[in-house]
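Dear colleague,

Please find the structure below, followed by an account of what was found in it.

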Amino acid sequence: MRNESLTAADLFKFDYFKCLRSEFAKNECRICIDLCPDEAMVFDRKKLTLDAKRCTGCAACIGSCPTEALMSDAFDPNHFTLEFAAQEKPLLSCKENLPCLAALSSEHLISIALRKQSDAICDLAHCSECSVNRDGRVYATIERTIGEANRFLELCNSDRRIGVRRDLGASEPEAGRRGLLKKLANVAKEVHEDMTMTELMHSSDEKQPLKRILLKNSLKMVAETLPEERTAEIDFSFVVNKRIDADTCNNCQECAMFCPTGALSVLKDNTGIIFQMGKCIACSICNDVCQPHSIRNDESFDPVTFAFDRMELLVKHTLEICEECKVAFSYRGGEKICDRCKDFKNSFSDMFTLAKDME
Ligand code: SF4
Ligand code: SF4
Ligand code: SF4
């Protein structure tokens, strides 16, 4: 079975094949581990394991995972995003409708802001006394997420913002986390049955996280207000722009092969690499696999390109047949010999000389 239960209570599921660490063995993503306030998650022989006794069910790991490898039957941030955006009430609160605000990523918050008729407000009034936030890490993450969502909204010319409520107000007893997550499980089931979530159910691209599809659809709803020009110096945790150096790229195509979302792909005739910023989740796998280090991140960003999955040709090659091995290779002028044969010749030229001399 692809999905494995992480807890005895069956609240968390882990899709091994979606985890970035399975996609590329050298990937060191540990976002879920670093965010877990109870150190309940560890990687044991490449396998994510969860100590059910330590887990308090805050669901921070679910919202933070860039590929949605972690899921829960009790709380689905994507369904929650759609449901909450359709409601009038503004407050996102661990006391009312969420296990923890950290269960929502920037992408969820941006989608909520763009779809909702009024500004949404994150209730941070209880964080200082919350056991989940005892070392301040969860609070810092929530603050960072809200800040990132608001920077993105500003860049997209939206006048919507995610607000914050920090004052404690009337003191309320803190709900048991496990209890809240289980209670939400019932709500989630009702939501699944009640709503026709065609957006989530009919995704044509299984490689993309649903939160990304939600975000792009949300941007399309306000397409007429999006700025057309590229903005310099973006710094978002969930997307980057890419460039490939044509002088060093050898057309090995490994970046496209390993890209977990299909953001990088190969032209049908094998002569170039295409990039779709709207599909990129900033995992850095392409940068890591590229042996000549031809890929670099570019800080420019264009919301229209992002929202509509516009394609950009990053590099175009001229193919020639190698005179030595007779295999097509990326030709950059000079003698028609591929890099592999050139390397082989250079490395073993002494051996060839000796063999010739011995005749
Ligand atoms: S955050 Fe997601 S992709 Fe990253 S290690 Fe955790 S499960 Fe894997
Ligand atoms: S960018 Fe790097 S990994 Fe991608 S095709 Fe070029 S050399 Fe290969
Ligand atoms: S383009 Fe690179 S950084 Fe973006 S999702 Fe693909 S492998 Fe990850």
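Ile-244, Cys-249, Asn-250, Asn-251, Cys-252, Gln-253, Cys-255, Cys-290, Pro-292 and Ile-295 are the residues around ligand 2, where a residue is near a molecule if one of its heavy atoms lies within 4 Å of it. The shell around ligand 2 comprises seven nonpolar, three polar and no charged residues. In this classification Ala, Val, Leu, Ile, Met, Phe, Trp, Tyr, Cys and Pro count as nonpolar, Asp, Glu, Lys and Arg as charged, and the others, Gly among them, as polar.

Please note that this is a predicted model, in which local features need pLDDT of at least 70, side-chain atom pairs count only at pLDDT 80 or more, and totals for chains, interfaces and linings use all residues. Residues are numbered from 1 along each chain as its sequence is written, chains are lettered from A and ligands numbered from 1 in the order in which they are written, and side-chain values use heavy atoms, with hydrogens and water left out.

Ile-244 belongs to strand β9 (residues 241–244); helices (H or I, at least four residues) and strands (E, at least two) are DSSP runs, numbered from the N terminus. Ile-244 is buried, its relative accessible area being 12%. Buried means under 20% relative accessible area, exposed over 50%, and partly exposed in between (1.4 Å probe, protein chains only). Leaving aside neighbours within four places in sequence, Ile-244 is in contact with Cys-249, Ile-273, Ser-294, Ile-295, Leu-314 and Val-315, contact meaning heavy atoms within 4.5 Å. Ile-273 lies 29 residues from Ile-244 along the chain, and their C-alpha atoms are separated by 8.6 Å.

The other ligands

Around ligand 1 are Phe-14, Cys-19, Leu-20, Cys-29, Ile-31, Cys-32, Phe-43, Cys-65, Pro-66, Thr-67, Ala-69 and Leu-70. That shell has eleven nonpolar residues, one polar residue and no charged residues. Ligand 3 is surrounded by 13 residues, the closest being Cys-259, Cys-280, Cys-283, Ser-284 and Cys-286. By class, the shell of ligand 3 has ten nonpolar, two polar and one charged residues.

Helix packing

Two packed helices are described by the angle between their axes and the distance between the axes. Axes are lines fitted to C-alpha atoms, for helices over the stretch in contact, and angles run from 0 to 180 degrees between N-to-C directions. Angles under 35 degrees count as roughly parallel, over 145 as roughly antiparallel, 65 to 115 as roughly perpendicular and the rest as oblique. A crossing is left-handed if the near helix is turned anticlockwise from the far one by less than a right angle, and right-handed if clockwise.

Helix α4 (residues 77–86) packs against helix α9 (residues 210–221) at an angle of about 25°, with the axes 9 Å apart. The two helices α4 and α9 are therefore roughly parallel, and α4 passes α9 in a left-handed crossing. Asn-78, Thr-81 and Leu-82 of α4 and Leu-210, Lys-211 and Leu-214 of α9 make the contact, which divides into three nonpolar, two polar and one charged residues.

Helix α5 (residues 106–115) also packs against α9: their axes come within 9 Å and cross at roughly 30°. Accordingly, α5 and α9 are roughly parallel to each other, and the crossing of α5 past α9 is left-handed. The residues in this contact include Ile-110 and Leu-114 of α5, and Leu-215 and Met-221 of α9. By class, the contact of α5 with α9 has six nonpolar, four polar and four charged residues.

Between α5 and helix α6 (residues 137–155) the angle is about 50°, with the axes 9 Å apart. That makes α5 oblique to α6, and α5 passes α6 in a right-handed crossing. Here Ser-106, Leu-109, Ile-110, Ala-113 and Leu-114 in α5 meet Thr-145, Ile-146, Glu-148, Ala-149, Phe-152 and Leu-153 in α6. This contact of α5 with α6 consists of eight nonpolar, two polar and one charged residues. As for burial, ten of the ten residues of α5 are buried.

Backbone points

Most residues other than glycine have a negative phi. Ala-282, although not a glycine, has a positive phi of about 60°; Ala-282 is found in the loop between β11 (272–275) and α11 (285–289) and is partly exposed, at 23% relative accessible area. Lys-326 likewise has a positive phi, of about 65°, and is found in the loop between β14 (318–321) and β15 (328–331). Lys-326 counts as exposed, with 57% relative accessibility.

Yours sincerely
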